[in-house]
Amino acid sequence: MYWVMLAIGLVLLVAINLALVGMVMRFRSARGREPRRLVVRRTAQLGTAGIFAVIVAVAFVVGVIETGNAKKVEASGPDGLQAAALTTAQRGLTLPVTSASTAPLQISACGQQWIWRYQYPDGTYSYYELVVPVDTTIILRLCSTDVVHRWWVPGLSPKMDATPGESNSTWFKADETGNFDGASYAFSGASYAVMRTRVRVVDVPTYQAWLDQQGAGIQAAQSFVQKTNGEPGG
């Protein structure tokens, strides 16, 4: 859509400037004679209006089509996470999934003052950093525990609001590994400027290893807390 609008803008820019230069050259004044008066016939006016009307209509139709296409969730690619294990991927009821091997990975992203909490299908969670496998469609379920937050990581997804008491979702699929940084784009309180996030895209083996390590660390921490609270004087 950006390329289409850029092409239309360039065509209009060149056409308008060429018309201005042509009129200046044709109707300019010279020493000893009066400048020619510009008279535009009705046919030329209607023709120009028709051209602009066609451009507007084309832009509108393309915008409607692209808006509809943006709502369609792509299937995970051949190098993405396979959905054979229910602990690492889930199938959405309203998603156009054709097979288990291309099912999207659904992750909950909950905003709170002032950090993002990500929860994975197996119950594992992380703060600030979202780790996802490459070439895998990610369905991000957005929620908020207090005020309206806005999730946006440039290069991956459009801006989407996380509203208390309402459900919202977005999706993305990273084609290459790397880190993608995002920041807060909606005022959510005094410290909203420090509400940042990062999406780390890794290969599938690295993602599975991280998921196991993160889950083991959470379990160990919970066991430690339970043991400490159970001891006398703890």
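Strand β9 and strand β10 (residues 197-202) run antiparallel and are joined by 5 bridges. Strands here, like helices, are DSSP runs numbered from the N terminus; a strand (E) has at least two residues, and a helix (H or I) at least four. Two strands count as paired if DSSP finds at least two bridges between them. Along this pair, G178 stands opposite V201 in β10.

A word on where this comes from: the model is predicted, local features need pLDDT of at least 70, side-chain atom pairs count only at pLDDT 80 or more, and totals for chains, interfaces and linings use all residues. Residues are numbered from 1 along each chain as its sequence is written, and side-chain values use heavy atoms, with hydrogens and water left out.

### The sheets

Now to the sheet around β9 and β10. The order β4-β10-β9 describes an open sheet of 3 strands with mixed pairing. Its edge strands, each pairing on one side only, are β4 (129-133) and β9 (178-182). On average, neighbouring strands of this sheet are turned by 20 degrees against each other, direction ignored. For such angles, axes are lines fitted to C-alpha atoms (for helices, over the stretch in contact), and values run from 0 to 180 degrees between N-to-C directions.

Another open sheet has 5 strands in the order β3-β2-β1-β5-β8, again with mixed pairing. Here β3 (125-127) and β8 (168-173) are the edge strands, each pairing on one side only. Neighbouring strands of this sheet are turned by 25 degrees against each other on average, direction ignored. Within it, β1 (residues 105-112) pairs with β2 (residues 115-119) in the antiparallel sense over 5 bridges, and S108 stands opposite Q119 in β2.

### Loops worth a look

Most residues other than glycine have a negative phi, and most peptide bonds are trans. In the loop between β1 and β2 you will find W114, and the peptide bond leading from Q113 to W114 is cis, with omega near 0 degrees.

Two non-glycine residues with positive phi are listed below.

| Residue | Phi | Loop |
|---|---|---|
| Y128 | about 70 degrees | between β3 and β4 |

How exposed are they? Buried means under 20% relative accessible area, exposed means over 50%, and partly exposed lies in between (1.4 Å probe, protein chains only). Y128 counts as partly exposed because its relative accessibility is 33%. D135 has 13% relative accessibility, so D135 counts as buried.
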